[in-house]
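This briefing concerns the structure shown below.

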Amino acid sequence: QVRLVESGGGLVQAGDSLRLSCAASVSSYVMGWFRQAPGKEREFVATINLNGGRTDYADSVKGRFTVSRDNAKNMVYLQMNSLQPEDTALYYCAARLYSNTVTYSQGYKYWGQGTLVTVSS
């Protein structure tokens, strides 16, 4: 069983930055970030492979968000810049058992409880 704990969410204004963190009980997984806004489906945000050499982003966050990891600390991060009200959502960290990165939520087996990001205009 893999345990994932997200932190770093909060209330910010449009244009601000936040860094989300995900503490994992192990580091040997592809990791992903997803988000779910009120009344909407969960959507892909970013993913990173095991050594950090490959990352993928949703078009809506490309150029603004950066995913990274520190395997020595079993941590994954999501740096979010130029935040907009439409980025308001519950952000989830997820772990995938296989070595390739994917952008669909069904490809991830373990999930954290989420951290709430609220961006005011």
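The model is predicted, so local features need pLDDT of at least 70 and side-chain atom pairs count only at pLDDT 80 or more, while totals for chains, interfaces and linings use all residues. Residues are numbered from 1 along each chain as its sequence is written, and side-chain values use heavy atoms, with hydrogens and water left out.

**Positive phi in loops**

- Most residues other than glycine have a negative phi.
- Asn74 has a positive phi, near 55 degrees, and sits in the loop between strand 7 (65–70) and strand 8 (75–80); strands are DSSP runs of E, at least two residues, numbered from the N terminus.
- Ser82 also has a positive phi, near 50 degrees, and its place is the loop between strand 8 and strand 9 (89–96).
- Ser82 is partly exposed because its relative accessible area is 37%.

**The cavity**

- The structure holds 1 cavity of 30 Å³ or more, a cavity being a set of points on a 1 Å grid over the protein atoms alone where a 1.4 Å probe fits but cannot get out.
- The volume of the largest cavity is about 40 Å³, taken as the space filled by probe spheres set on the points, which are joined across faces, edges and corners.
- Asn74 is one of the residues lining the largest cavity, and others include Ala24, Met31, Arg69 and Met75; lining residues have an atom within 4 Å of a point.
- The lining comprises 5 nonpolar, 3 polar and 1 charged residues, where Ala, Val, Leu, Ile, Met, Phe, Trp, Tyr, Cys and Pro count as nonpolar, Asp, Glu, Lys and Arg as charged, and the others, Gly among them, as polar.

**Ser21 in strand 3**

- Ser21 belongs to strand 3 (residues 18–24) and is buried, because its relative accessible area is 12%.
- Beyond residues up to four places away in sequence, Ser21 touches Val5, Glu6, Ser7, Trp33, Met75, Val76 and Tyr77, with contact meaning heavy atoms within 4.5 Å.

**The nonpolar core**

- The largest nonpolar core has 36 residues, and Leu4, Met31, Trp33, Leu78, Met80 and Tyr91 have the most contacts inside it; such a core is a set of buried Ala, Val, Leu, Ile, Met, Phe, Trp, Tyr and Cys residues joined through side-chain atoms within 4.5 Å.
- Strand 9 gives the most to this core, with 5 residues.

Methods:
1 Å grid on protein atoms, 1.4 Å probe; cavity = no way out; pocket = protein on both sides within 12 Å on 5 of 7 lines; lining within 4 Å. Helix = DSSP H or I, 4+ residues; strand = E, 2+ residues; numbered from the N terminus. Buried < 20%, exposed > 50% of the residue type's maximum accessible area, 1.4 Å probe, protein only.
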